[in-house]
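Hi,

Here is the structure I said I would pass on.

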Amino acid sequence: MRTLLVTGPGGAGRTTIAAATALRAAADGLRTRLITGAPAGAVDDLPGVDVTRLAPADGFRDDLLALQDRAGSALDLLGAARLDADELTPLPGSDELALLRALRDSPEGPHDLVVVDLPPAPHAVAVLALPEQLRRYLRRLLPAERQAARALRPVLGRLAGVPMPAEWLYESAARWDAELAATQAVIDADTTLVRLVAEPTPAAAETLRTTGTGLALHGLRTEALIANRMYPDGSTDPWLADAAARQRKVVAQWQDTYEIRHIGRDPRGTDLAALDVPLPGAPAPRTPWPVEDHLADDGVLVWRIPLPGAVREELTLIRRGDEIVIGAGTFRRIVPLPSAPRRCTVAGAGLADGELRVRFAPDPDLWPQTR
């Protein structure tokens with residue numbers, strides 16, 4: 001199964017392109033599923049496409065009621081009044097959690113292709129980064145190895161004078177970690193690609209630059225860039241000719257762009273076939289982050305991290321033990337160091353040709369010494 005994640009600047013028509021892509025794939029004989037948060041009517045009448053609409057309210061209600069049941073004894077001890085299902089409304093973030101749950105469940109079913117209508121960029125990158133971040137928080141706050149001492153918790157609680165975490169909390173953490181791991185496995189798969197959609201404007205160009213950097217920071221691959229709602233060239237209408245010329249100026253700065261012409265109306269249903277979107281590209285492995293040995297010439301190891309579109313002034317780099325914190329504009333990722341750089345100190349870093357190059361000098365106290 002392949003997964004195609006579709007995003008782009010707000011108002012660029014990403015939902016339309018996602019639906020058109022699913023329709024084109026189904027017409028080509030692929031068993032296709034479309035995951036979208038679009039309201040009913042926006043993506044109706046798509047022959048051969050299994051449409052899954054996100055329902056954040058339902059998922060939020062079920063999760064909170066289940067958590068309330070598991071914590072029932074503690075709530076009763078505190079004299080808390082239970083919440084009823086009909087009084088629960090979704091909180092901020094429930095849309096993102098519903099999307100992650102749909103991604104987790106996307107391998108289920110006989111589908112060749114799953115097209116996912118993501119939120120606008122660059123917010124979509126932050127959503128895709130959530131599983132990795134949340135799993136790290138869980139490991140820090142509720143380490144799995146502490147569960148081995150569950151038989152000692154009553155004794156430890158009496159010695160410390162405070163109640164120890166209940167068994168259900170560790171069980172919940174383990175279940176959350178497993179669900180997040182399943183979601184992350186879909187996002188990280190070689191068969192998962194990102195399709196970017198943008199209407200050619202200077203503002204969209206800047207959004208695509210930052211989005212491309214964020215995607216690369218999290219190891220996500222871009223399959224295609226769709227320049228949407230392109231005006232025809234050669235128009236005798238002065239306004240239309242000027243608008244088309246401005247679009248061409250922006251598109252000239254983009255690489256490997258697929259152009260979708262403006263059909264003069266908002267396409268719905270089978271009209272989406274008129275957009276003539278391309279079929280999803282072939283799966284591609286993640287771009288490696290290699291560590292090069294320059295010890296003989298320069299006395300350092302160089303870790304090469306591709307960050308296309310990154311700006312030097314927007315980059316930050318912090319070493320934290322065996323991890324490194326990489327910041328690129330509004331995006332931030334904490335990644336473990338490869339084995340060799342862990343025995344080194346950071347000797348510097350530089351940005352060249354869309355690539356961050358971090359230099360590591362061997363630590364004499366940790367590096368193997370030759371006799």
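First, how the elements are assigned: helices (H or I, at least four residues) and strands (E, at least two) are DSSP runs, numbered from the N terminus. On that basis the protein has 11 helices and 14 strands.

Some ground rules before the details. This is a predicted model, so local features need pLDDT of at least 70 and side-chain atom pairs count only at pLDDT 80 or more, while totals for chains, interfaces and linings use all residues. Residue numbers start from 1 along each chain as its sequence is written, and side-chain values use heavy atoms, with hydrogens and water left out.

Now the overall picture. Buried means under 20% relative accessible area, exposed means over 50%, and partly exposed is in between (1.4 Å probe, protein chains only). Of the 371 residues, 39% count as buried. For contacts, I took heavy atoms within 4.5 Å. Among the contacts with a separation of 6 or more, 67% are between residues 24 or more positions apart.

On to the empty space. Rolling a probe the size of a water molecule over the atoms shows where empty space is left. Here a cavity is a set of points, on a 1 Å grid over the protein atoms alone, where a 1.4 Å probe fits but cannot get out; lining residues have an atom within 4 Å of a point. Grid points are joined across faces, edges and corners, and a volume is the space filled by probe spheres set on the points. That gives 2 cavities of 30 Å³ or more.

The largest cavity has a volume of about 50 Å³. Its lining is made up of Arg-209, Thr-210, Thr-213, Ala-310, Val-311, Glu-314, Leu-315, Ala-328, Gly-329 and Phe-331. Helix H8 (residues 202-217) gives the most to that lining, with 3 residues. The lining of the largest cavity then splits into 5 nonpolar, 3 polar and 2 charged residues.

The second largest cavity holds about 30 Å³ of space. Around it you will find Arg-2, Thr-3, Leu-4, Leu-113, Thr-191, Leu-193, Pro-280 and Gly-281. Strand E1 (residues 2-7) supplies the largest share of this lining, 3 residues. By class, the lining has 4 nonpolar, 3 polar and 1 charged.

Next, the rings. Rings of Phe, Tyr and Trp (its six-membered ring) pair if their centres lie within 6.5 Å; planes under 30 degrees apart count as stacked, over 60 as edge-to-face and the rest as tilted. The structure holds 3 aromatic pairs. Tyr-231 and Trp-239 make an edge-to-face pair, because their ring centres are 5.9 Å apart and their planes are at 70°. Trp-239 is exposed, at 55% relative accessible area.

Trp-303 and Phe-360 have ring centres 6.5 Å apart and planes at 45°, so this pair is tilted. Trp-303 lies in strand E9 (residues 300-306) and Phe-360 in strand E14 (residues 355-362), so the pair ties together parts that are 57 residues apart in sequence. Both ends are out of the solvent by the cut-off: Trp-303 is buried, with a relative accessible area of 3%, and Phe-360 is buried at 0%. Together with Trp-289, Trp-303 and Phe-360 form one aromatic cluster.

There is also a charge over a ring (NZ of Lys or CZ of Arg within 6 Å of the ring centre and within 35 degrees of the ring normal). The charged end of Arg-343 sits over the ring of Trp-367, 5.1 Å from its centre.

Ala-121 and Pro-122 are joined by a cis peptide bond, with omega about 5°. Pro-122 is in the loop between strand E4 (113-117) and helix H5 (123-141). Arg-229, in strand E6 (residues 222-230), has a positive phi near 55° without being a glycine. Arg-229 is partly exposed, at 26% relative accessible area. Asp-256 is not a glycine either, and has a positive phi of about 55°. Asp-256 sits in the loop between helix H9 (238-251) and strand E7 (257-261), and counts as exposed at 73% relative accessibility.

Cheers

How values were computed. 1 Å grid on protein atoms, 1.4 Å probe; cavity = no way out; pocket = protein on both sides within 12 Å on 5 of 7 lines; lining within 4 Å. Nonpolar A, V, L, I, M, F, W, Y, C, P; charged D, E, K, R; others polar.
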